Each structure stands twice: as C-alpha cells, then as structure tokens.
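Thanks for coming. The picture is up next.

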Amino acid sequence: MEITLVKTTTPKPKPDPAKLGFGRFFTDHMFVWDYNPEQGWHDPRIVPYGPLELDPASAVLHYGQAVFEGMKAYRGPQGEVLLFRPEQNMARLNRSNARMSIPQFDEEFALRAIKELVALEREWIPTAPGTALYIRPFIIATDNVLGVRPSATYRFMVILSPVGAYYEEGLNPVSIYVEPHYVRAVRGGTGFAKAAGNYAGSLLAQKNAVAKGHSQVLWLDGIERKYVEEVGAMNVFFSIGGQMVTPDLGDSILPGVTRDSILQLLRSWNVPTVERRLSVEEIFQAHAEGTLVEAFGCGTAAVVSPIGRLEYQGRLIEIGGGKIGELTQKLYDTLTGIQTGRLPDPFGWVVRVDV
Ligand code: PLP
Ligand code: COI
C-alpha cells in the first residue's frame, strides 16, 4: 500500500525546548488511514495537521469506541532517529482493538507509516535530556448511527508532539492517594486495553486526590479493593525486603512496555524480582518494619516517577526520605540511555528510522 503525502504550505515555528511541557504542541503533519468493510483499511496518507470534520452522530462521540497508544522517538548521539520497542505498541493496539470490537490492522504497515511520519517530522524531535517526540496513534469509530453496536467504519490517525517531563515534579518523588472507593478497572473489563473510556473514568478520583494535595491515585483491585494495581496511568513497582515487587498482569492492568523492560533489566542485574498480588496492607506493614525501600510508577511518558508518600484511609507513610531511590535512578538512567542510543542495547529494543 502506497502512503500518499500532502505537505503543509504553512509550517509552524518550533516551540522553545525549555517550555515543552507534555502534549501541548503538535507537528506539521499527521497520518490518516480509513476503514470500511468493503475496502478494509485503505487510503493511508500523511497530510497537514489540522482539525477533523466529524458528523455529530459519530459513534466515537457517543459510546467512546476509541483506543490509543503512546510511544516516543529520540535523537541519538549522531542525530539518528530512534524508536523504542515500537512493535510492542502496535501489538497492544491490536489487542485493544480486539477488546473494543475494532477491526485488526497490519502492524508492520502501521509501523512503516509511523516511521515515515517521524522521518518527515525529524526536525521536531527535541534533543535536550528528558525530552522526546511523543507519538500518539489512535483509532476512532466513525459510523453516523445512534444504535449501540460496533461501528462499521473507523479512522486510524497518528499525531506527534515534542514533549518534556510528564510531571512537573520530574524525577522528584510524588505524593500518592490510595483510592479506597473508585476503581480504574475490573476483572472482565477493559483495563488491559488502552481504551479511551478507561481514562475518562479515572478523572474523578484523580481530581479528588489533587484536591487532597496529592499528585496521583494508587488504584486498588475492583473486587476486594485490597490489592495494588496501577498508579495513575502507570504501572507500579515496590522494593520490599530486598525484592522488587510489581502486580502480576491480569485483564485489569495495562501491560506496560516500560514495565516489561524494567522486569528484563532487573532480572539481567540479578535483582530478585517478582510479579504477584501485593496488598496495600502489606506495603504499610513493610513500611512499619522498615523493609519498604523504594517505590515508583513507570510508563512511556514519565519513564519512572518515584513515589515519596502514600496516604491510605487516614494513614500517611513516607518512602525514601524525599529522594529518588537508588534502583529507581539506575532504571531511569539505563532506560533513557538505551532509548537515546547513549548506552548499549543488549536486548535489541531500539529501532532505527531511516531518514
Ligand atoms: N498503565 C496505564 C493505564 C497506561 O495508560 C500506561 C501508558 O501507556 C501505562 C500503564 C504504561 O505503559 P507503557 O510503559 O507501555 O507506556
Ligand atoms: C504513559 O505513557 O505512562 C501514559 O500513561 C501516557 C498517558 C499520557 C496516557
């Protein structure tokens, strides 16, 4: 399939690299790919970035049939353009599609389109430490019918945003509220998919946590509300009694690429590491016994984000004395080193884009 290109005639000025924030600026072009049952995925094109015209009855606007991904492109030391395990994002997007009754797409082709778009926009990739070009593929349902049923037509798009740190705190430890009531996902639900509605449903708890002076919520399982699942929109690790512990995956946890990469790094360093159920009581108990040493969230956007405080039902604990943990820092340095081509890539994670 040929990807057609229409170039912008009005390129935008690049933002100040010191003031990027996260997801506030967008590049000059975007990728668009349409689906209908007769033609399948068809008419792939790179066109100038701009608003969409959607019928007000579009299915995505009513029932939220939408999925997305998040990945990053980096500049290497010689100016090369690098992606990090992008095939994992394509595979996860198709798993999200399956859960949301959206048709499967050709992962290799989509990755080729992303590479072409990133190559075209290479001048937008920021180079300062901690910055990257965030890649946001997403798919929306476009049928103009108000019945609740899977849409017959879809649009796959990719937009790009030069980004800095996801959290204002950067690598400083953040304060987390353990959410006792609201849940992000349940067994049998859509938590393992990157479905738009999961994020809409998380906003109220997030807002309440911020009003209480915290940055994020720690989500507990949806059935017993005892077991830790994720922190905000990130996976979570705790260093307890000399072991790194992260919740084992089920259908209520998003299987993060960063989580998987951290598991592989820890195991390669011979750090005892387990994926298992972990209750919030066990975390507070470990703190009382002095065996809770580090905790962090992890995801593409922030890479790692140290947890400095946890509040649960009126009890407040501090972790790591207000500083990023030793292992957390080493994971951040190693991951970002590999991602930006500054450290060797023993796992073959980095994919170079021809420019
Ligand atoms: N958990 C949730 C709910 C997410 O949205 C994300 C972000 O993609 C992650 C975890 C981390 O996943 P990844 O490391 O693939 O970015
Ligand atoms: C992550 O990359 O960790 C995210 O959760 C992305 C977020 C903007 C949805």
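Before anything else, a definition: when I speak of a domain, its bounds come from an automatic or database domain assignment. The model is a predicted one, with local features needing pLDDT of at least 70, side-chain atom pairs counting only at pLDDT 80 or more, and totals for chains, interfaces and linings using all residues. Residues are numbered from 1 along each chain as its sequence is written, chains are lettered from A and ligands numbered from 1 in the order in which they are written, and side-chain values use heavy atoms, with hydrogens and water left out.

Pockets to begin with. A pocket here is an open set of points on a 1 Å grid over the protein atoms alone, with protein on both sides within 12 Å along at least five of seven lines; a cavity is a set of points where a 1.4 Å probe fits but cannot get out; and a lining residue has an atom within 4 Å of a point. Points are joined across faces, edges and corners, and a volume is the space filled by probe spheres set on them.

The largest pocket holds about 750 Å³ of space. Its lining has 35 residues, and those closest to the centre are Tyr166, Tyr199, Gly232, Ala233 and Met234. Where does the largest pocket lie? Domain 1 (4-163) and domain 2 (174-339) both give residues to its lining, so the largest pocket lies between them. For the elements, helices are DSSP runs of H or I with at least four residues, strands are runs of E with at least two, and both are numbered from the N terminus. At least two lining residues of the largest pocket come from each of β7 (132-141), α4 (196-200), α5 (203-211), β10 (216-220), α6 and β15. β10 gives the most, with three. By class, the lining of the largest pocket has 16 nonpolar, twelve polar and seven charged residues, where Ala, Val, Leu, Ile, Met, Phe, Trp, Tyr, Cys and Pro count as nonpolar, Asp, Glu, Lys and Arg as charged, and the others, Gly among them, as polar.

The second largest pocket has a volume of about 500 Å³. Of its 27 lining residues, Pro129, Gly130, Thr131, Tyr332 and Thr336 are the closest to the centre. Two or more residues each come from β5, β16 and α8 (326-339), and α8 gives the most, with four. The lining of the second largest pocket divides into 15 nonpolar, nine polar and three charged residues. This pocket also lies between domain 1 (4-163) and domain 2 (174-339), because both give residues to its lining.

The largest cavity has a volume of about 80 Å³, and its lining is Gly70, Met71, Lys72, Tyr74, Phe84, Asn89, Val257, Thr258, Thr300 and Gln339. β5 (71-75) and α6 (257-268) are the elements that give two or more residues to that lining, and β5 gives the most, with three. Domain 1 (4-163) and domain 2 (174-339) each contribute at least three residues to the lining of the largest cavity.

The second largest cavity has a volume of about 50 Å³. It is lined by 13 residues, and Ala295, Pro306, Ile307, Lys323 and Gly325 lie nearest its centre. β15 (292-299) and β16 (303-312) each supply at least two residues of that lining.

On to the ligands. A residue counts as near a ligand if one of its heavy atoms lies within 4 Å of it, and a polar contact is a pair of N or O atoms within 3.5 Å.

Which residues come nearest to ligand 1? Of the 15 around it, they are Lys194, Tyr199, Glu230, Thr258 and Thr300. A polar side-chain atom of Lys194 is 2.6 Å from an oxygen atom of ligand 1. From the side chain of Thr300, an N or O atom is 2.6 Å from an oxygen atom of ligand 1. Val257 uses a backbone N or O atom, 2.7 Å from a ligand 1 oxygen atom.

Ligand 2 has Tyr134, Arg136, Tyr166, Lys194, Ala233, Met234, Gly299, Thr300 and Ala301 around it. Backbone N or O atoms lie 2.7 Å from an oxygen atom of ligand 2 for Ala233, 3.3 Å for Thr300 and 2.8 Å for Ala301.

How values were computed:
A polar contact is a pair of N or O atoms within 3.5 Å; within protein, one must be able to donate a hydrogen and the other to accept it, and residues adjacent in sequence count only if both atoms are side-chain atoms.
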